[in-house]
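Have a go at each one before you read its solution.

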Amino acid sequence: MAHGIPSQGKVTITVDEYSSNPTQAFTHYNINQSRFQPPHVHMVDPIPYDTPKPAGHTRFVCVSDTHSRTDGIQMPYGDILLHTGDFTELGLPSEVKKFNDWLAVSCWCAAADEGS
């Protein structure tokens, strides 16, 4: 878990003390914070799905655990879709095809992780 600290136009990367022990990190942050949030990370509010993308920017859209329930999702315009977690309910080939069809219609450059 690294975070950057701006210093005269340069960014210094410092390594979180728990980086070498993920179990200890989860335990520490889970106990000491209401939600898992490493230090120096500030939560941001989501923007409305129809907010225009500023020129010259790349918009990442992040979703997870859709479990074959992509019908009716109002996805914001974006350049890259990151889908983490389960995108199927049971892992059936028909669910994988449905997910792939959804991605094709959405015209995404996508990275997906099938989850557990």
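**Exercise 1.** Work out how many aromatic pairs there are in this predicted model, and how their rings are arranged.

*Solution.* Start with the count, which comes to 2 aromatic pairs. Phe-87 and Phe-99 make a stacked pair, with 4.1 Å from centre to centre and 15 degrees between the planes; the cut-off for stacked is under 30 degrees. This pair links distant parts of the chain: Phe-87 sits in the loop between S4 and helix H2 (93–106), while Phe-99 is in helix H2, 12 residues apart. Next, Phe-99 pairs with Trp-102 in a tilted arrangement, at 5.7 Å centre to centre and 40 degrees between the planes. Those two are about one helical turn apart, because they lie 3 residues apart in helix H2. Put together, Phe-87, Phe-99 and Trp-102 form one aromatic cluster. As for burial, Phe-87 and Phe-99 are both buried, and Trp-102 is buried too.

**Exercise 2.** Sort the side chains along strand S4 (residues 80–84) by face, and find the partner strand S3.

*Solution.* Then look across to S3 (residues 60–64), which runs parallel to S4 and is joined to S4 by 5 bridges. Phe-60 stands opposite Ile-80.

**Exercise 3.** Describe the lining of the largest pocket by class.

*Solution.* The volume is about 320 Å³. Lining residues include Met-43, Asp-45, Tyr-49, Arg-59 and Phe-60. By class, that lining has 10 nonpolar, no polar and 2 charged residues.

Notes. Residues numbered from 1 in each chain as written. Predicted model: local features only at pLDDT ≥ 70, side-chain atom pairs only at ≥ 80, totals over all residues. Heavy atoms only, no water. 1 Å grid on protein atoms, 1.4 Å probe; cavity = no way out; pocket = protein on both sides within 12 Å on 5 of 7 lines; lining within 4 Å. Points joined across faces, edges and corners; volume = space filled by probe spheres on them. Nonpolar A, V, L, I, M, F, W, Y, C, P; charged D, E, K, R; others polar. Buried < 20%, exposed > 50% of the residue type's maximum accessible area, 1.4 Å probe, protein only. Helix = DSSP H or I, 4+ residues; strand = E, 2+ residues; numbered from the N terminus. Pairing = 2+ DSSP bridges. Phe/Tyr/Trp six-rings, centres within 6.5 Å; stacked < 30°, edge-to-face > 60°.
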